[in-house]
Number of protein chains: 2
Amino acid sequence: MKKRNLYLNVIPVEEALDSYLSVVKKRVPLKTEIIPVVQALGRVTVSAVYAKYNSPLYNSAAMDGVAVVSQKTKDACELKPLVLQKEDFLVVDTGDPVHEPFDAVIMAEDLIETDDGGLQITEPAMSWQHIRPVGEDIVAHELILTSNHKIRPMDVGVLLSGGITEIEVYKQVNVAIFATGTEIIEPDQNIADGVIIESNSRMFEGLVAEQGAKPFRLGILQDDYALIRDNVREACEKFDVVIVNAGSSAGTEDFTVHVLRELGEVFVHGVAIKPGKPVILAMVGDKPVVGLPGYPVSAYVCYQNFVRPLLNHLQNFAEENRETVRAFLSKRLVSSLKHKEYVRVKVGKVDDKIIATPLARGAGAAMSLVRADGFCIIEQNQEGLDAGDSVTVELCRSLKEIENTVVSIGSHDLMLDILADMLPNKYKNMYLSSSHVGSLAGLMALKRGEAHMAPIHLLDEESGIYNIPMIKKLFTGGCRQMALIKGVKRVQGFIVPKGNPENISAMSDVARCRYINRQSGAGTRVLFDYLLRKNGISCEQVNGYDKEAATHMAVAALVQSGAVDCGMGIESAARAMNLDFVPVGFEEYDFAIERNNLDLPHVKAFIDVLKSEDFKQKVMRLGGYEFSACGEIVSVS
Amino acid sequence: MKKRNLYLNVIPVEEALDSYLSVVKKRVPLKTEIIPVVQALGRVTVSAVYAKYNSPLYNSAAMDGVAVVSQKTKDACELKPLVLQKEDFLVVDTGDPVHEPFDAVIMAEDLIETDDGGLQITEPAMSWQHIRPVGEDIVAHELILTSNHKIRPMDVGVLLSGGITEIEVYKQVNVAIFATGTEIIEPDQNIADGVIIESNSRMFEGLVAEQGAKPFRLGILQDDYALIRDNVREACEKFDVVIVNAGSSAGTEDFTVHVLRELGEVFVHGVAIKPGKPVILAMVGDKPVVGLPGYPVSAYVCYQNFVRPLLNHLQNFAEENRETVRAFLSKRLVSSLKHKEYVRVKVGKVDDKIIATPLARGAGAAMSLVRADGFCIIEQNQEGLDAGDSVTVELCRSLKEIENTVVSIGSHDLMLDILADMLPNKYKNMYLSSSHVGSLAGLMALKRGEAHMAPIHLLDEESGIYNIPMIKKLFTGGCRQMALIKGVKRVQGFIVPKGNPENISAMSDVARCRYINRQSGAGTRVLFDYLLRKNGISCEQVNGYDKEAATHMAVAALVQSGAVDCGMGIESAARAMNLDFVPVGFEEYDFAIERNNLDLPHVKAFIDVLKSEDFKQKVMRLGGYEFSACGEIVSVS
């Protein structure tokens, strides 16, 4: 085997960051520049800024009207109005200067024009009335902004009014970004076996730009030691910070750490963080270089933990405060003392309780970043958290949105995507969040009060009735009044490759092929087990009974890849993947819900969308659905 | 007099906005465009986006190691290790494809190389072990983003991984911005009598850019009807939205409304909002045109209330949620039923209570926007709020910062600016917020629990002692233990024009000139009154006794402008404005504080800065100070 960097020196996150930043602080002077104030939005002041001019620059009219000498108006009253002649007043608009001998302004509304061009007034003007004294807003030499102040739109306005046209600010940091890997292709290139579409560097571009720094994506480098070395060296000459993506681990072609050891000094290689362990923190000359891991979630977590504070330091930005919320954890989370862990969670509000439900924990689960409402951080000194534990969640979605979200946990169907898309379109600020754990697990979550509804399709073998018997069984004797929002009837069957090469037409055919099963508790698994028993087939006879996929689409993807010959699922999933489908029969896919929750405004909106013609049209196009009772409420008692 | 648009048709804010937006919704179709995903950060999706490819694209290694056929490893155990020969394995790095016959990956860490190039293992590999199945992260045809989703960095990454390279999003809105006014000059032009430095359009540029739209500042237009008309007409052809700043009121040269009536249709002219009444909401063809008032605070408030929702609508952005906090109001706020009012407030946390203190309410007080920690909104149906009322404040500074801020209310001195600048520089995330209301008002605020400290300089006439007698008098018999943080000795005297043309040298000279006084309760006013009595001069003898300025600098600015001949103040203010100064004597400027609060970390930091050599150096440069006891704590009992 080729040489690997097997032993990473793993140190705690805070220790890694602190020691690296202290090196950076020592070796990298913060750069400043003097720029026009009109270009300074979002930049940070180097020193305190004092006004150069007064604002207003002179005593000026605060109203539209006329400037007068107050002394000359002192006899005016309702009974004995006074008429000002042309030489007694000067017409002024707001902002016009008022000079001696004038010392007051009378508002236009309080003036009556006389035929000879005079103005009649019925009360005296007080000295200084409706006059803005010089410097009322800003006094010359007054402090406008302190040092270390991030410049906002109103600051720009006041700086200009105060006579400041140029300002010293910290320089915007230029960040070079390299993607490395021989297997990596640009998104517009043709896909082929063994390639990976490059996407991390584009995520970094966005993160860097959002932080007010300037990203320069310098493309993809093949896994070639000299090529990477020469490019990184050149970038270190031209840019303030260099990010090298992937090649940071211990694989045979992970050159990054070797390159950085040759070019400069590696301070950290390997941090106790999950996901994200193989991060590299280095310096080449006076330029910080960070090697980020290749898995997208690792890349994201490491960016946030190491690159973000680095760029904030170099631009002298304060750390952003993320909105956090205390939530109850819906599942047990086991974590190791070996690392600090970032768990992506869905957050929902059910029965006045904020609930956090962990999403997929894999480092490659980029979709979990998109789906996440926030991060639950398990510190390195915690072995994990129990279900029901109160945890702090860093939100990436506002609490207000979360409070207006229908939380659905249960079986997966493609129509949930359509509902999630339609709900906020039809009802502003109302959302659907759905987690796919299978029917039974959904009902259990509903019972624990973690969801508003559970989409289920559970056959009662004895009665042949769907869903209602299982709800009755699980919610017996409780004080909870349950109901069912009727969904759709949908066709279940075997998803098989195009042309059905294994010629599968009945349960007996399944035994002779490579099968992919669904997870225990999924309605489809319950149906499959029922059909096995009915046909007298044992689990052991099914090749692949123990291989589990989590959704219909995952089953279809595996069939399409050729890894398996067949799996049970819904017709729409087969169609979406352009596969063939062998129907087994209709089943009922409904939403179990506590009756109380039917009155929630977002649940009402959900039902309304479910009943809409538009929704049915869209689902119809997926294939394999029937809508006879869609949106009806059935009481379960 | 020239024609004025005297009668604005004033309608409530929400009504004005709703009726205008409903016109816009009818007449302006939302524009969309298809752009590369890599440029889509911050843009909003038009329709739901579904994945095109699986990710990973194939079954792939989840670890660095070797791919094996699990079946062939089933006999490996600790006691009887198995050696895999070259034909039994394939070296794989994370992400490499794993094809048949291989169906499992063994991690590099679990392998021992043998001398002949074989690999020894001590446990069997399970089928699918360390393999990421095709589509594990993203399944083709799965929903990636719903419609109306604002694209974040991680979304860009997942879209590319899912095979999406182009995306339909709402168009960025181009906003033309005109400043109008014959008196208006660019900030780099020479100032002269009667000019106003143009700054609002620069604030709008920043606000527009922060909202993700594109500002185009088209310069300053003179008050010329035809010029404004032709420019606005042309802009309406090229841009999506046009902002015309000022000329929106009822002055003689306020052409905006007339121009817009000629070019299109004016829906609203005059809204019940303070500040900001003279706003214009119009359409020219299918282009929204907004006339914003000229006073900077009015301009800001109207932008936030009308332009922000307009641009959000046109780009299909959700309204931002501002952080809010419940706070106790420190002062009574009288407001009219005629309008909704936006009051800028300072917010501080004192004794576990969040306190909101109103800032200057004038429409021209742009510095109040810079100084504000938030806005307290008085709805139109409220006549006002009492001191102690609980109010909601929309924050423009984070609550965390506010909680780390020393709240100082009292007398003004230039050294407070220096302290405010130095504190966060020396102690990260600690701040000083100071409001200038005069010594007595400061002590009253301290007594009501609205401030941590009150900077004061109050002479006790009987004893000739500064500050301590007044604190004793005000805090008698209470349970509050008070202390004094010693500040500086500073020179008070008469601020006079350069060369002292009125030849002022004693109190008796003041009676014969135009004087500017300080507000009642200010330490300087107390001193002046004391000196008047001592010299047998009555208030009536002082020309200008009733004219009040709020700070030393404001006094200096008025002297400099020639509006007055003389005012009492500190030497540093005279020096800053390059004026002459006639000293009267030293006074003691200290900080009254409750003893309990001396232990607060931010108060400790404050005292530390006060004691620092650096601070003294900086204040020394202002002139007229002495530091013998600076930072010492004196118990008042």
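Predicted model: local features only at pLDDT ≥ 70, side-chain atom pairs only at ≥ 80, totals over all residues.
View 1. On the side of chain B that touches chain A, the largest share comes from helix α2 (residues 153-161) of chain B, which supplies 8 residues. Sorted by class, that side of chain B is made up of 59 nonpolar, 27 polar and 23 charged residues. Contacts between the two chains involve 109 residues of chain B and 108 residues of chain A, and the area buried between them is about 8700 Å², of which 60% is given by carbon and sulfur atoms. The count of salt bridges between chain B and chain A is 4.

View 2. B:Pro101 belongs to the loop between β6 (90-92) and β7 (104-107) of chain B.

View 3. B:Pro275 is placed in the loop between β19 (273-274) and β20 (280-284) of chain B.

**View 4. The largest nonpolar core and the surroundings of A:Tyr303.** The largest nonpolar core has 62 residues, and those that touch the most other members are A:Val175, A:Phe204, A:Leu292, A:Tyr303, A:Phe306, A:Leu311 and B:Ile167. Helix α6 (residues 296-315) of chain A gives the most to this core, contributing 11 residues. When residues up to four places away in sequence are not counted, A:Tyr303 touches A:Phe204, A:Leu207, A:Val208, A:Gln211, A:Ile243, A:Leu292, A:Arg308, A:Pro309 and A:Leu311. Another core, of 61 residues, lies apart from the largest one, and its members include A:Leu145, A:Ile167, B:Ile273 and B:Met283.

**View 5. A:Arg229 and its contacts in chain A.** A:Arg229 is found in helix α4 (residues 225-238) of chain A, and its side chain is joined to that of A:Glu262 by a polar contact of 3.4 Å. With residues up to four places away in sequence left out, A:Arg229 touches A:Val259 and A:Leu263 as well as A:Glu262.

**View 6. A:Asn316, a residue with positive phi in a loop of chain A.** Although A:Asn316 is not a glycine, its phi is positive, at about 60 degrees. A:Asn316 is found in the loop between α6 and β22 (324-329) of chain A. The relative accessibility of A:Asn316 is 23%, so this residue counts as partly exposed.

**View 7. B:Asp352, a residue with positive phi in a loop of chain B.** B:Asp352 likewise has a positive phi, of about 65 degrees, although it is not a glycine. The loop that contains B:Asp352 runs between β24 (340-350) and β25 (353-358) of chain B. B:Asp352 counts as exposed because its relative accessible area is 69%, the cut-off for this class being over 50%.

Key: Residues numbered from 1 in each chain as written. Chains lettered and ligands numbered in written order. Heavy atoms only, no water. Contact = heavy atoms within 4.5 Å. Buried area = accessible area lost by both parts, 1.4 Å probe. Salt bridge = Lys/Arg side-chain N within 4 Å of Asp/Glu carboxyl O. Helix = DSSP H or I, 4+ residues; strand = E, 2+ residues; numbered from the N terminus. Nonpolar A, V, L, I, M, F, W, Y, C, P; charged D, E, K, R; others polar. Core = buried A, V, L, I, M, F, W, Y, C linked by side-chain atoms within 4.5 Å. Buried < 20%, exposed > 50% of the residue type's maximum accessible area, 1.4 Å probe, protein only. Polar contact = N/O pair within 3.5 Å; in protein donor to acceptor, adjacent residues only side chain to side chain.
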